[in-house]
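Good morning, colleagues. Please look at the sequence and the structure on the screen while I go through the points I have prepared.

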Amino acid sequence: MTENINNIFRTVQAETQCPFAKSADITFARSISAEFSIPEAAQQLYEDITAYVQEGIVTAPDGIAVALPNTVIGDDFKSLTSGFNSLYHALKINDGSNEEAIAAENIEDPGWQLTIAGQRLFTIVFSSLYPPTNPRHIHEANTTFVFFQPVQSFNTRMPFDKDSAEFRRLKADIRSRFTEAGRAYDGAIHDDPREAAKYLSPQQ
């Protein structure tokens, strides 16, 4: 069952218009049970992310994905937003942060990024709640994936400095491919300097 669920994400990866994502070396956490609460899901996921950071990152350097039923993380976009925030909070608690430390984090700071087990991770949500025209759409009903990408993966795969003209041309080319495929990116979201603003894209 887990392999079948993970194949859904493999399909998304195969169909993406981004050449870097298409060829990414990734792995999967254990799928989250439909019976789990958010704290239970976070505990299992934290164990898998920690194992990934300690060992799995060597063979799958571009990230780890986890499948969650929408009934666990949110079965409409409002509850998905709330569920994702709760999952993030519970992951940080498992990682040793206390409530005061989490509250003091400034996620509006462009320099902020999720860190688990000492590893900085870019995070992106894919879900069946996104419409088919959205690049984050998952074909399978009642399914959400959260993908965690080590920050060094960007540096390894991206051949140009982010401030260079070459990078801007490459970014424009990739966005053009998505638009031509009928799954245009929201440029304002992806150009936002805040990392946290990119994690969970507005539903459109």
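The quantity pLDDT is the predictor's confidence in each residue, on a scale from 0 to 100. I begin with it since what you see is a predicted model. The mean pLDDT of the chain is 88, and 93% of the residues reach 70 or more. Where pLDDT is low, the predicted coordinates should not be read in detail.

Let me turn to strand S5. Is this strand enclosed by the rest of the structure, or open? Eight of the eight residues of S5, which covers residues 143-150, are buried, so the strand is largely enclosed by the rest of the structure. In a regular strand the side chains alternate between the two faces of the sheet. In S5, Thr143, Phe145, Phe147 and Gln149 point one way. Thr144, Val146, Phe148 and Pro150 point the other way, and all of these residues are buried.

Which strands are joined to S5? Strand S2, residues 64-69, runs antiparallel to S5 and is joined to it by six bridges. In that pairing, valine 66 stands opposite valine 146. Strand S4, residues 119-127, also runs antiparallel to S5, with seven bridges between the two. Here phenylalanine 126 is found opposite phenylalanine 145.

Next, the backbone in two loops. Most residues other than glycine have a negative phi, and most peptide bonds are trans. Alanine 117 has a positive phi, near 55°. This alanine lies in the loop between strand S3, residues 114-116, and S4, and with 28% relative accessibility alanine 117 counts as partly exposed. Asparagine 142 is not a glycine either, yet its phi is positive at about 60°. Asparagine 142 belongs to the loop between S4 and S5 and is partly exposed, at 37% relative accessibility. Proline 131 is also placed in the loop between S4 and S5, and counts as partly exposed at 25% relative accessibility. From proline 131 to threonine 11 the separation is 120 residues in sequence and 16 Å in space, C-alpha to C-alpha.

I now come to the charged side chains. Side chains of opposite charge can pair when their charged atoms come close. How many salt bridges are counted? The count comes to three. In one of them, arginine 30 pairs with glutamate 47, and the closest N and O atoms are 3.0 Å apart. This pair links distant parts of the chain: arginine 30 sits in the loop between strand S1, residues 27-28, and H3, while glutamate 47 is in helix H3, 17 residues apart. Arginine 30 is partly exposed, with a relative accessible area of 41%, and glutamate 47 is partly exposed at 41% relative accessibility.

Arginine 30 also forms a salt bridge with aspartate 48, where the closest N and O atoms are 2.9 Å apart. Aspartate 48 belongs to helix H3, and the two partners are 18 residues apart. Aspartate 48 is buried, its relative accessible area being 15%.

Lysine 92 forms a salt bridge with glutamate 105, with 3.6 Å between the closest N and O atoms. Lysine 92 is in helix H5, residues 77-94, and glutamate 105 is in the loop between helix H6, residues 99-104, and S3. Is lysine 92 buried or exposed? Lysine 92 is buried, with a relative accessible area of 6%, whereas glutamate 105 is partly exposed at 25%. As for shared partners, salt bridges join Arg30, Glu47 and Asp48 into one network.

A search of the whole structure finds nine aromatic pairs. Among them is the edge-to-face pair of phenylalanine 9 and phenylalanine 28, with 6.1 Å centre to centre and 85° between the planes. Phenylalanine 9 is in helix H1, residues 2-15, and phenylalanine 28 is in strand S1, 19 residues apart. Both phenylalanine 9 and phenylalanine 28 are buried. Phenylalanine 122 and tyrosine 199 are also an edge-to-face pair, at 5.7 Å centre to centre and 80° between the planes. This pair links distant parts of the chain, with phenylalanine 122 in strand S4 and tyrosine 199 in helix H10, residues 196-199, 77 residues apart. Phenylalanine 122 and tyrosine 199 are both buried.

Thank you for your attention.

Key
Residues numbered from 1 in each chain as written. Heavy atoms only, no water. Buried < 20%, exposed > 50% of the residue type's maximum accessible area, 1.4 Å probe, protein only. Helix = DSSP H or I, 4+ residues; strand = E, 2+ residues; numbered from the N terminus. Pairing = 2+ DSSP bridges. Salt bridge = Lys/Arg side-chain N within 4 Å of Asp/Glu carboxyl O. Phe/Tyr/Trp six-rings, centres within 6.5 Å; stacked < 30°, edge-to-face > 60°.
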